[in-house]
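Hello,

Here is the structure I promised to pass on. Have a look at it first, and my notes follow below.

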Amino acid sequence: MAFTLYSLLQAALLIVNAVAVLHEERFLRHVGWGSDQGIGGFGEEPGIKAQLTNLIRSVRTVMRGKMIIFCLTNIVRKVCFC
């Protein structure tokens, strides 16, 4: 298998898909990354943990509909051309 641009895009798709399916109550809260964890005070910079939870939450919110289309397109391409 050659290292191509398509394989790089497919790897990125799988990583974003893995982040999008993380469930907050089932997984993230058990490892201490829930939404109520890491709330800072006013004027304080959020820590790395709070920034990562915000990134996970925003990826789930923004990419949910797009991920369905991207994954279905990838599946159809794999079935038809491979």
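The chain has three helices and zero strands, with helices (H or I, at least four residues) and strands (E, at least two) taken as DSSP runs and numbered from the N terminus. Read from the N terminus, the order of the elements is α-α-α.

A word on conventions: this is a predicted model, where local features need pLDDT of at least 70, side-chain atom pairs count only at pLDDT 80 or more, and totals for chains, interfaces and linings use all residues. Residues are numbered from 1 along each chain as its sequence is written, and side-chain values use heavy atoms, with hydrogens and water left out.

Now the overall numbers. The accessible surface of the chain is about 6500 Å², and carbon and sulfur atoms hold 69% of that; areas come from the Shrake-Rupley method with a 1.4 Å probe, and for residues only the protein chains shown count as cover. Of the 82 residues in the chain, 18% are buried (buried is under 20% relative accessible area, exposed over 50%, partly exposed in between, with a 1.4 Å probe and protein chains only). Among contacts (heavy atoms within 4.5 Å) with a separation of 6 or more, 63% join residues 24 or more positions apart.

Next, helix H1, which covers residues 5–20 and includes Leu 5. Leu 5 counts as exposed because its relative accessibility is 61%. Together with Phe 3, Leu 8 and Leu 9, Leu 5 forms a nonpolar patch on the surface, with about 480 Å² of accessible area in total. For such a patch, residues need over 30% relative accessible area and no salt bridge, and nonpolar side chains (Val, Leu, Ile, Met, Phe, Trp, Tyr) are joined within 5 Å, while like charges are joined within 9 Å. A salt bridge here is a side-chain nitrogen of Lys or Arg within 4 Å of a carboxyl oxygen of Asp or Glu.

Gln 10 is also in helix H1, but is buried, at 19% relative accessible area. Beyond its neighbours within four places in sequence, Gln 10 is in contact with Asn 74 and Lys 78.

Finally, Thr 53 belongs to helix H3 (residues 48–81) and counts as buried, with 7% relative accessibility. Its C-alpha is 6.6 Å from that of Trp 33, 20 residues away in sequence.

Best wishes
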